[in-house]
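Student: I would like a close look at one part of this model. Please take me through a single chain and its contacts.

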Amino acid sequence: MANTHIPVSPLNYLMLAKEVEDFFYREADLLDERRYEEWLTIFTDDVRYWMPIRKNVPYRAEHGDMTDENDIAWIDDDKTTLTKRVRQIQTGVHWAEEPASRICHIISNIRLLEAPGTENSNHELAVTSRFCVYRNRVETETDFLVGRRHDMLRRVDGRLMVARRKIILDQSVLMAKNLTMFF
Amino acid sequence: MTFNGGSAKSLVDFQRGEISREVFVNEGLYREELDRIFARAWLYVGHESQIRRPGDYFVSCMGEESVILTRDPLGTPHVFLNTCRHRGMKVCRYDEGHTVHFICPYHGWSYATDGRLVGVQQYETGYQPPFDKSQWGLIEVAQLATYKGTIWATWDAAAPPFLDYLGEARIALDLALGAWDGGDGETELLGSVQKWLIPSNWKFVAENFAGDGLHVVSHRSVDMTGIGPTAGEGRRDNPGRLLLAMSPAWGHGITYSYLPPTTNRVEYAASPATSDYFTQCWERRLTKLGSQAGLQVVVGTLFPNMSMHGQQPRTILVAHPRGVATTEMWRVYFVDKDAPQEVKQFLRHYYIRYSGPAGMTEQDDMENWNYATAASRGTIARRHPYNYKAGLGVGGSHELVPGVVTDYPVSMSSEQNTRTLYRRWAQFMDANSWADLTPARAF
């Protein structure tokens with residue numbers, strides 16, 4: 001039995017965990033198959049999709065290892081901006097993604113964390129996962145980006161959606177020329 | 001300069017507008033740049049708001065090398081090479097912070113924030129006779145200058161004072177770094193630095209912002225999508241009539257914009273708080289500056305590798321060389337210090353969807369620089385020069401801005417600024433010292 005405080009029976013826990021895994025694996029398929037319109041539908045209208053920047057700081061200052069919510073980030077998008085990114089790819093003249101990259105998302109280490117109270121009227125679920133996002137484009141240009149995601153999933157009309165995503169990349173100087181891929 | 005037995009000037013035909021590809025892809029020329037350009041020129045290092053208090057430090061770069069920007073206990077800023085005098089170890093591998101001493105992990109040598117060597121292991125017993133510690137402090141830049149919050153440094157004691165080096169571009173820094181209302185308010189950095197590696201020669205980056213109106217077509221996808229701070233297509237509000245200005249002697253290239261004082265400016269309309277703020281600033285600016293109020297900087301490059309946007313977005317970029325075909329981009333954003341928090345947050349979102357590796361505008365620039373570099377490296381490719389002929393013969397003086405200026409509409413296409421950048425590049429590459437570079441000659 002996982003160390004969560006979700007007050008469910010072991011079987012219901014397993015079913016919920018499997019539902020979350022399937023949700024993430026389907027999302028990876030949507031992205032890798034470039035089904036971006038469908039991918040956008042997994043996000044709530046009030047989503048915050050945020051990728052802070054990492055820094056090298058002293059051990060005693062470990063809390064300051066990444067930029068906070070008000071600081072410059074790699075990405076800090078709402079639903080509108082995420083949609084704009086998809087629209088830009090769909091123009092067919094977004095040269096950074098034209099020709100399109102070949103991208104593979106490997107999602108792993110999916111864990112359900114403590115749900116923020118059973119009385120949470122948003123019915124939100126805190127989940128973490130790891131990602132390996134491999135990108136190859138044109139001839140030999142290759143990126144391999146690895147890190148962690150902290151998601152708040154919300155159940156809307158019975159189905160899971162992402163209400164908040166924090167993407168924690170394990171690099172300080174970004175070792176990719178751009179971030180046209182999604183995480 | 002010893003490339004091919006000739007001179008750098010032979011690679012840059014300013015009169016005919018043709019520049020050899022070797023300038024961008026030749027390994028030998030790149031290595032000489034590190035010496036003849038980056039060890040001589042004034043380079044942007046950081047901003048005063050990154051080292052607010054004595055003891056604060058921020059690790060930056062000059063050329064390929066790591067440097068530490070500090071503020072000592074007396075409040076004086078310094079820039080030091082980030083390498084221990086003993087055996088070379090980096091004395092600081094944190095990005096930024098606060099300290100009393102930099103202590104080298106290797107043998108424990110310690111340095112104060114003014115660079116003095118203050119601690120050496122076994123100093124009293126291990127060195128007979130003892131060496132003079134005052135000669136072994138951190139290696140400091142020859143000159144440091146601060147200007148409207150920005151901090152610059154040069155390794156060359158013979159370099160002219162920074163204000164001279166700015167030449168005609170001084171007014172551009174004043175406009176870009178000044179408060180929006182034309183008053184004496186400060187600007188400050190809006191948060192942390194974005195640092196990322198791109199597979200391009202640094203000069204593609206520098207010339208992009210020096211004045212390359214023709215590349216705007218490459219941004220068609222972001223313009224169609226519409227990410228600007230006002231609703232609809234496009235990525236920014238209309239800044240007005242564009243003026244291309246270059247500093248013939250110093251190599252800087254600036255694109256200015258001008259709006260008449262009667263303009264009813266509608267900007268940042270997607271955020272009422274931001275729109276109100278800028279409207280109030282415009283009204284105060286009109287009162288202070290009159291007909292000059294509508295003159296601002298769109299984009300520019302200060303030779304060699306500091307680029308800036310003065311309005312939308314508002315950002316400074318340094319293209320640090322990391323090899324002939326690699327550049328490490330360091331980008332920071334800045335705002336009026338006294339702007340309301342809501343305005344700063346709106347601008348923060350706008351700036352990072354525009355610029356940076358996730359910036360929907362900058363992404364297409366980088367694709368071009370990347371594959372232009374790659375496609376120019378070959379044996380056959382190098383034999384064929386680039387065409388820099390746009391706007392040849394156009395340009396003169398202008399009452400609004402200094403330097404050699406090309407007015408609208410030719411300002412939208414002229415390559416006068418990029419030709420100028422490379423003419424100055426060639427002067428640096430051929431010069432044996434600053435004596436050959438000053439007084440800066442326009443030939």
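Student: What domains does the domain assignment give for chain B?

Tutor: This is a predicted model. The assignment gives chain B domain 1 (8–37 + 168–436) and domain 2 (43–144). The C-alpha centres of domain 1 and domain 2 of chain B lie 33 Å apart. Ten residues of domain 1 of chain B are in contact with seven residues of domain 2 of chain B. On the domain 1 side, the elements giving two or more residues are β13 (187–189) and β19 (314–321) of chain B. The largest share, four residues, comes from β19(B). By class, that side of domain 1 has seven nonpolar, one polar and two charged residues.

Now the helices. The axes of α6 (residues 202–211) and α10 (residues 362–375) of chain B come within 9 Å and cross at roughly 135°. That angle makes α6(B) oblique to α10(B). The crossing is right-handed. From α6(B), the contact uses F204(B), V205(B) and N208(B). From α10(B), it uses D365(B), W369(B), A372(B) and T373(B). By class, this contact has four nonpolar, two polar and one charged residues.

How values were computed
Residues numbered from 1 in each chain as written. Chains lettered and ligands numbered in written order. Predicted model: local features only at pLDDT ≥ 70, side-chain atom pairs only at ≥ 80, totals over all residues. Axes fitted to C-alpha atoms, helices over the stretch in contact; angles between N-to-C directions. Parallel < 35°, antiparallel > 145°, perpendicular 65-115°, else oblique. Left-handed = near helix turned anticlockwise from the far one by under 90°. Contact = placed C-beta atoms within 7 Å. Nonpolar A, V, L, I, M, F, W, Y, C, P; charged D, E, K, R; others polar. Domains from an automatic or database assignment.
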